[in-house]
Amino acid sequence: MEPQRPSLKPAAASLSLGQYHISEEYGFLLQNPLKELPDHYRPWMEIANKLPHLIESHQLQAHVYKMPLLDCRFLKGHRERRLAHLVLAAITMGFVWQEGETQPQKVLPRSLAIPFVEVSRNLGLPPILVHSDLVLTNWTKRNPEGPWEISNLETIVSFPGGESLRAFILVTVLVEKAAAPGIKALVQGVDAVLQHSQDTLLQALQQVRLSIQDITRTLAQMHDYVDPDIFYTVIRLFLSGWKDNPAMPVGLVYEGVATEPLRYSGGSAAQSSVLQAFDEFLGIQHCKGSVGFLHRMRDYMPPSHKAFLEDLHSAPSLRDHILTSGAGSCLIAYNQCVEALVELRSYHINVVARYIISAAAKARSRMPSHPSPHAPEDRGTGGTAVLSFLKSVREKTVEAILHPCA
Ligand code: HEM
């Protein structure tokens with residue numbers, strides 16, 4: 001059974017990663033995701049395994065209309081449900097966007113909608129492609145003993161976009177992996193505050209900083225492998241949702257589930273728990289508008305990961321502890337974590353500028369007489385007005401720098 005939200009821990013108890021289905025080694029990544037479902041679900045897997053081809057050859061919708069309505073009862077265990085969610089989500093995105101941004105499908109047929117909503121309910125996830133599908137559940141090592149490198153990783157389900165799509169997913173997998181030591185250290189840091197152990201806190205903060213710096217270095221691999229034009233013109237479309245998206249203003253009808261259309265945001269790494277965990281641990285407070293979006297993204301995370309963020313929030317304040325304990329070395333180490341997070345967010349803004357803002361300008365210049373009717377370039381797949389949002393989040397991170405009490 002999927003880990004539903006654990007009960008809130010008492011405010012002064014230590015956190016245990018296992019309780020939230022987070023691993024010391026893999027962080028928020030699902031450990032050893034499955035590649036196959038039981039034979040009963042072969043019709044889903046046959047479509048999912050050739051998804052890029054079916055979309056590119058405009059045949060996917062016809063295949064979906066012929067899909068039998070399958071019973072979800074034969075899905076056993078959390079990992080089967082996670083793979084089923086990934087598979088049904090990927091088919092859904094392909095089905096909706098097969099004919100491009102200007103001709104989305106507005107009704108999801110019952111053979112897809114009914115099982116997708118049921119699996120989603122079981123997992124506590126929304127019925128749309130989320131970061132937990134595309135990244136956390138969508139990786140496998142070619143050689144299990146081999147290194148954590150793009151060349152030794154493979155996706156399980158793919159979309160159009162070839163090598164760039166593959167690398168976009170797998171670099172993000174590597175980012176999640178790079179975060180794992182930081183997430184482990186952050187829990188040790190919470191414990192150290194509870195135990196008033198300055199040495200342990202110092203070590204934990206140093207490890208958190210190293211992990212954040214490793215994430216930034218890993219993110220840089222996007223530039224090596226992902227072509228901005230392919231990201232902007234191909235990949236982005238299949239991550240787009242049906243909330244705050246002018247291309248689908250009223251949402252999507254899930255046939256056999258509800259008569260009214262439902263609205264869900266598209267897949268975005270803003271649904272990763274990693275940066276939100278660092279923010280909670282470091283006590284970084286974002287402005288009201290940003291918090292609204294970031295907290296809404298928690299509804300797109302596995303419930304146990306969302307619970308982890310909430311419990312981190314109610315842990316004793318690290319900032320208060322550092323200011324009142326008078327431990328100068330911890331204050332310096334804390335500030336180095338914040339600075340590393342600012343650098344990561346600045347780097348991420350550069351990535352967004354290249355993959356969305358510049359790529360959009362280039363696309364416009366190629367088709368000056370056909371501007372997109374929806375000017376999507378200033379909106380992310382999660383639906384935000386990109387740059388102002390990201391700059392505000394970075395600015396609030398800068399403001400968290402602590403100054404020693406006089
Ligand atoms: C080509 C690569 C990437 C692009 C184009 C990109 C784009 C965006 C955009 C447009 C947003 C605004 C929210 C939205 O509307 O979706 C966003 C937010 C965010 N992205 Fe990325 N992103 C990329 C890679 C990543 C990776 C690998 C991570 C790491 C997990 C990441 C983590 C985040 C986070 C945490 C936010 C929320 C804002 C924050 O906390 O700073 N992104 N991204």
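Modeller: A residue is buried when its relative accessible area is under 20%, exposed when over 50%, and partly exposed in between, using a 1.4 Å probe and protein chains only. This is a predicted model, where local features need pLDDT of at least 70 and side-chain atom pairs count only at pLDDT 80 or more, while totals for chains, interfaces and linings use all residues. Residues are numbered from 1 along each chain as its sequence is written, and side-chain values use heavy atoms, leaving out hydrogens and water.

Biologist: Thanks! What makes His 348 buried, exposed or partly exposed?

Modeller: His 348 has a relative accessible area of 32%.

Biologist: Where does His 348 lie, and which residues does His 348 touch?

Modeller: His 348 is part of helix H15, residues 328-366 (helices are DSSP runs of H or I with at least four residues, numbered from the N terminus). Not counting residues up to four places away in sequence, His 348 touches Leu 219 and Leu 390, contact meaning heavy atoms within 4.5 Å.

Biologist: What makes H11 largely enclosed?

Modeller: Of the 9 residues of H11, 8 are buried, so the rest of the structure largely encloses this helix. Phe 278, Asp 279 and Glu 280 are among the buried residues. The buried residues of H11 pack against H7, H8, H12, H13, H14 and H15. Just after H11, Gly 283 has a positive phi of about 70°.

Biologist: What lies closest to the centre of the second largest pocket?

Modeller: The second largest pocket has a volume of about 420 Å³. Among its 21 lining residues, Asp 279, Glu 280, Gly 283, Ile 284 and His 313 are the closest to the centre. Its lining divides into 10 nonpolar, 7 polar and 4 charged residues.

Biologist: Why is one space called a pocket and another a cavity?

Modeller: On a 1 Å grid over the protein atoms alone, a 1.4 Å probe fits in a cavity but cannot get out, while a pocket is an open set of points with protein on both sides within 12 Å along at least five of seven lines; lining residues have an atom within 4 Å of a point. By this rule there are 2 cavities of 30 Å³ or more. The second largest cavity holds about 40 Å³ of space. Helix H6, residues 131-136, gives the largest share of that cavity's lining, 3 residues. Phe 28, Glu 176 and His 305 are among the lining residues.

Biologist: What describes the packing of H4 and H10?

Modeller: Helix H4 (residues 77-97) and helix H10 (residues 228-239) pack at about 115°, with axes 8 Å apart. Met 93, Gly 94 and Trp 97 of H4 make the contact with Leu 237, Phe 238 and Leu 239 of H10.

Methods:
Axes are lines fitted to C-alpha atoms, for helices over the stretch in contact, and angles run from 0 to 180 degrees between N-to-C directions. Helices (H or I, at least four residues) and strands (E, at least two) are DSSP runs, numbered from the N terminus. Grid points are joined across faces, edges and corners, and a volume is the space filled by probe spheres set on the points. Ala, Val, Leu, Ile, Met, Phe, Trp, Tyr, Cys and Pro count as nonpolar, Asp, Glu, Lys and Arg as charged, and the others, Gly among them, as polar.
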